[in-house]
Amino acid sequence: MTLIDRHTEAAAGNRSIVMRIKYDREAHTKRPYYAYSDRASDRLGAGVGEPRARSLESITGMLDRIGCGYLVLNRERKVVEWNAAAQTTLERQGEVADTASGLSVALRRLIANVPAHFLPGSLSWVVIRSSADRPVILNENGFIAPDETSIVALLDRENRSGPNPQTLQKMFGLTGAETHLALRLAQGDAPLEMARSWRLSRTTIRSQLASLFAKTETKRQAELVALLGRISVLP
């Protein structure tokens with residue numbers, strides 16, 4: 001599986017979102033705020049903010065693995081972190097999305113005509129059907145991100161990702177040819193089209209497909225593709 005780059009507004013590095021306490025002199029009280037940190041003690045899995053930071057990292061990591069774009073927004077709904085899939089998705093919509101500010105503008109334009117409520121601590125799915133249609137927004141409530149931040153997942157229906165080929169081979173003992181066939185099936189290609197493009201006989205493709213069914217314990221192509229889709233979340 002291709003590694004999907006992750007970016008932040010600042011320079012890249014081993015950074016994490018951490019919770020700190022700031023004293024508000026005017027209100028005479030302490031309040032939490034979130035910032036990026038390079039310190040080992042502040043990284044994910046360390047200190048008081050461990051459950052919150054780990055939750056954010058687990059969600060974004062999962063979205064990376066399935067090839068889904070994501071944007072992490074601060075309380076002003078400005079992008080503070082994103083991955084390459086999100087950048088590519090928004091650029092396919094004709095946007096210039098190579099910086100945090102550009103991504104923020106692109107997101108606002110994308111959802112301009114759609115009611116959107118990106119609540120702190122929530123995950124919102126923006127499903128893009130085509131460049132001509134308005135996106136569909138689905139909100140998933142729950143404490144999955146640090147306070148005052150939210151995650152927006154960008155799901156482009158025209159962009160299909162597949163499972164990790166090494167994972168497929170380990171799980172089912174597939175050959176190289178069978179793995180290649182499985183990945184193409186996951187992307188929506190038809191067996192007979194692959195036979196023509198690879199200059200193979202129909203008998204050879206059907207034999208490889210039959211072997212895939214046997215090794216994955218599936219009976220139909222649709223069942224196999226559905227299984228491959230579920231496996232795509234694995235590293």
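Guide: Contact here means heavy atoms within 4.5 Å. Keep in mind that this is a predicted model.

Start with the whole. The protein has 8 helices and 8 strands. Of its 235 residues, 41% are buried. Take the contacts with a separation of 6 or more: residues 24 or more positions apart account for 55% of them. The accessible surface comes to about 13,400 Å². Carbon and sulfur atoms hold 51% of that surface.

Now the close look. Helix α7 covers residues 202-216, and helix α8 covers residues 221-231. The two pack with their axes 11 Å apart. The angle between them is about 60 degrees. That makes α7 oblique to α8, because roughly perpendicular begins at 65 degrees and roughly parallel lies under 35. The crossing of α7 past α8 is left-handed.

Which residues meet? From α7 come L209, L212, F213 and T216. From α8 come Q221, L224 and L227. By type, this contact divides into 5 nonpolar residues and 2 polar ones. None is charged.

One more place is worth a visit. M62 sits in helix α1, which spans residues 50-65. M62 has 27% relative accessibility, so M62 counts as partly exposed. Buried would need a value under 20%, and exposed one over 50%. Along the chain, M62 and S232 are 170 residues apart.

Technical notes
Residues are numbered from 1 along each chain as its sequence is written. This is a predicted model: local features need pLDDT of at least 70, side-chain atom pairs count only at pLDDT 80 or more; totals for chains, interfaces and linings use all residues. Side-chain values use heavy atoms; hydrogens and water are left out. Axes are lines fitted to C-alpha atoms, for helices over the stretch in contact, and angles run from 0 to 180 degrees between N-to-C directions. Helices (H or I, at least four residues) and strands (E, at least two) are DSSP runs, numbered from the N terminus. Angles under 35 degrees count as roughly parallel, over 145 as roughly antiparallel, 65 to 115 as roughly perpendicular and the rest as oblique. A crossing is left-handed if the near helix is turned anticlockwise from the far one by less than a right angle, and right-handed if clockwise. Ala, Val, Leu, Ile, Met, Phe, Trp, Tyr, Cys and Pro count as nonpolar, Asp, Glu, Lys and Arg as charged, and the others, Gly among them, as polar. Buried means under 20% relative accessible area, exposed over 50%, partly exposed in between (1.4 Å probe, protein chains only). Accessible areas come from the Shrake-Rupley method with a 1.4 Å probe; for residues, only the protein chains shown count as cover.
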